[in-house]
Amino acid sequence: MPGAGQSWGRYPRVAQGLTSLYDRQRPLPHFDGSALPHGNGRSYGDSCLNPGGILLHARGLDRFIAFDPATGVLHCESGVTLAEIIDLALPQGWFLPVTPGTRFVTVGGAIANDVHGKNHHRTGSFGHHVRAFELLRSDGSRRQCRAMDDPQGWFAATVGGLGLTGVVTCAELQLRRVPGAAMEAESIRFGSLPEFFELSASSADSHEYNVAWIDCLASGRHRGRGHFTRADHAPQRAEERPRAPGRGLAMPLTPPFSLVNRFTLRPFNALYYWRQPARHKRFATHLLPFFYPLDGIREWNRMYGPAGFLQYQCVLPPGAACTGVAALLDEISRSGSGSFLAVLKEFGNRPSPGLLSFARPGTTLALDFPNTGPDVFRLLDRLDRIVDEAGGAVYPAKDARMSATSFQRAYPRWREFADFIDPRFSSGFWRRVTE
Ligand SMILES: Cc1cc2nc3c(=O)[nH]c(=O)nc-3n(C[C@H](O)[C@H](O)[C@H](O)COP(=O)(O)OP(=O)(O)OC[C@H]3O[C@@H](n4cnc5c(N)ncnc54)[C@H](O)[C@@H]3O)c2cc1C
C-alpha cells in the first residue's frame, strides 16, 4: 500500500509504503526493498521513517497475553500502548516502571528507543524492566531474547536498536507496584542554572520523579530560570481518590503558519515562569496529567503549522553539564527561536542496557523548534558543536538532521551494532548517519 509518511514532528515528509501486522504467529508479509517496523509514530524525526521503502505497522499486534497481578509481570504483544497497559494494570495496583512524556507509544517503540522518564536517576531506562521479547527476522527466523541470558547480544542490540534488528512481536515486562493513581508533588521556582543543579542534587535521593521546565529565552541574569518539579506516588485513601482527566482538547486543524513564533514565545515563557507567584508550591494530582501533560491536547503537533518542527534533545556528561547547558541556552536565546516547553533533567549513573541507548549519566535538555527553514538548521548545527565538544549525545528518537560524524562519535558501538541489523531492514535515519 503506498503512503506518504511523517513522524510526530511532521518533518521530514517522505514517500514510503505501509503494510500492517496483525498476527504475531505469521511470518512477515512479502515486501520489495527495505522495511522498518513502526509503532505509533511518536518519534519526532526520521528514525521511524523509511523513505522509498516499507513500514511494517505493528500497532495491530495489540493483544495482552498474560498478566500476573501477584508479581506484576506482564506478557503482551508489541503494538500494545502504554495507555492500554495503564488501563489494565493501574486498577490492580501496578504502573509502568519507566514512562516517557506520552502514553501513546507502543511497547515495541519504547524498547526500540530504550525510552527514559522522569525517574531515570532511580530506575534507569525502559529496557531495564524488559525481561524478555521475541524478535522476528525477515528470513522468518525467531529469536527468544532474555535480559538475564544474552550470550550473543541480541537483547542488547534490540533495546535502543531503532527497529533495525527485526520486529519485536511480544515482550515480557516487569511493572512496579503503586498505591493508587495519586501523586504528591512540589513545584519550586528557581532563578538560575546553579540553582537547578542544587535542587536536582538535593532531590535525587528524596524523590522518585524529578524534572524542570526552563525558560529557554531568558538571558543575562535570568538565564536558566524555571520551575523544578519533584514528586512521588502518594498513599491513597478511598475518599480522596483523584479524578482521572477527561478526553481533553484537540487541535482541530493545522494553521497555515506556526503558532509558536517570535511574537508568542517570549511572552508565553515569561507568563509561564510567573504563573506560580510563590517560590514553593505543594500539590496533589492524578498521575495521568502529571506524567502526560501534552496528551491532554490531541494532535498538538499541528500547532507548528504545515512545515512542522524539530525537537532537539541532548545529554551532556556531568563534568561539562553546567557550562554546556549555559552555552546551549545562550545560543538559543540569541536566536530568538525556541520552545514553549524546554525540559531539563539529570540522568542517573545506571548504565543503559542497549548498545545504542541514548540515556547516560549527565544532564539532558529537550526542546522544540518550529521549522523556519535554513536558520533553524544552522542553529541546531551550532548546538551540535557544543554537544560534540562537551562529549555529549543527541537523541536519535528526536532527530531528523544530526551529521554522521556527530552520531558516530556519540554512539561508538554503532559498528558492533551493525552486525545485528536485519539485512532487509533500514531507516532514513540509519542511512543518513552511516552512509
Ligand atoms: C509528547 C511526547 C513526549 C515524549 N517524551 C519522551 C520521554 O520523556 N522520553 C523518551 O525517551 N522519549 C520520549 N518521547 C519519544 C517516544 O517515547 C519515542 O520516540 C518512542 O519510541 C515512540 O514509540 P512509538 O510506539 O510511537 O514508535 P515509532 O515512533 O513508531 O517508532 C519508534 C522506533 O521503534 C521501532 N519500532 C516500533 N515498533 C517496533 C516493533 N514492534 N519491533 C521493533 N521495532 C519497533 C521503529 O522502527 C522506530 O525505530 C516522547 C514523544 C512525544 C510525542
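## Basis of the model

The structure is a predicted model, in which local features need pLDDT of at least 70, side-chain atom pairs count only at pLDDT 80 or more, and totals for chains, interfaces and linings use all residues. Residues are numbered from 1 along each chain as its sequence is written.

## The chain as a whole

The chain has twelve helices and 21 strands. These are DSSP runs numbered from the N terminus: helices are H or I with at least four residues, and strands are E with at least two.

A compact globule of 435 residues would have a radius of gyration near 22 Å, and the chain agrees because its own value is 21 Å. The radius is taken over C-alpha atoms, and the globule rule is 2.2 Å times the number of residues to the power 0.38. The C-alpha trace spans about 60 × 55 × 45 Å along its principal axes. Of the 435 residues, 47% count as buried, meaning that 20 or more other C-beta atoms, placed from the backbone, lie within 10 Å of the residue's own.

## Around the ligand

The ligand is surrounded by 32 residues, and the closest are G39, G108, G109, A112 and G163. Helix 2 gives the most, with four residues.

By class, the shell has 15 nonpolar, 16 polar and one charged residues. Ala, Val, Leu, Ile, Met, Phe, Trp, Tyr, Cys and Pro count as nonpolar, Asp, Glu, Lys and Arg as charged, and the others, Gly among them, as polar.

## L21

L21 lies in the loop between strand 2 (14–20) and strand 3. L21 counts as buried because it has 22 C-beta neighbours inside 10 Å.

Beyond its neighbours within four places in sequence, L21 is in contact (C-beta atoms, placed from the backbone, within 7 Å) with L56, H57, A58, G60, L61 and V167. L21 and H57 are 36 residues apart in sequence, yet their C-alpha atoms are 5.8 Å apart in space.

Strand 8 (residues 130–136) runs antiparallel to strand 10, joined by six bridges. Two strands pair if DSSP finds at least two bridges between them. V130 stands opposite L173 in strand 10.

Strand 8 also pairs with strand 9 (residues 142–146), in the antiparallel sense, over five bridges. L136 has R142 in strand 9 as its bridge partner. Five residues lie between the strands of this hairpin, where G140 takes a positive phi near 90°.

Notes: A residue is near a molecule or strand if its C-beta atom, placed from the backbone, lies within 6 Å of it. A residue is buried if 20 or more other C-beta atoms lie within 10 Å of its own, exposed if 12 or fewer, and partly exposed in between; C-beta atoms are placed from the backbone. Two residues are in contact if their C-beta atoms, placed from the backbone, lie within 7 Å.
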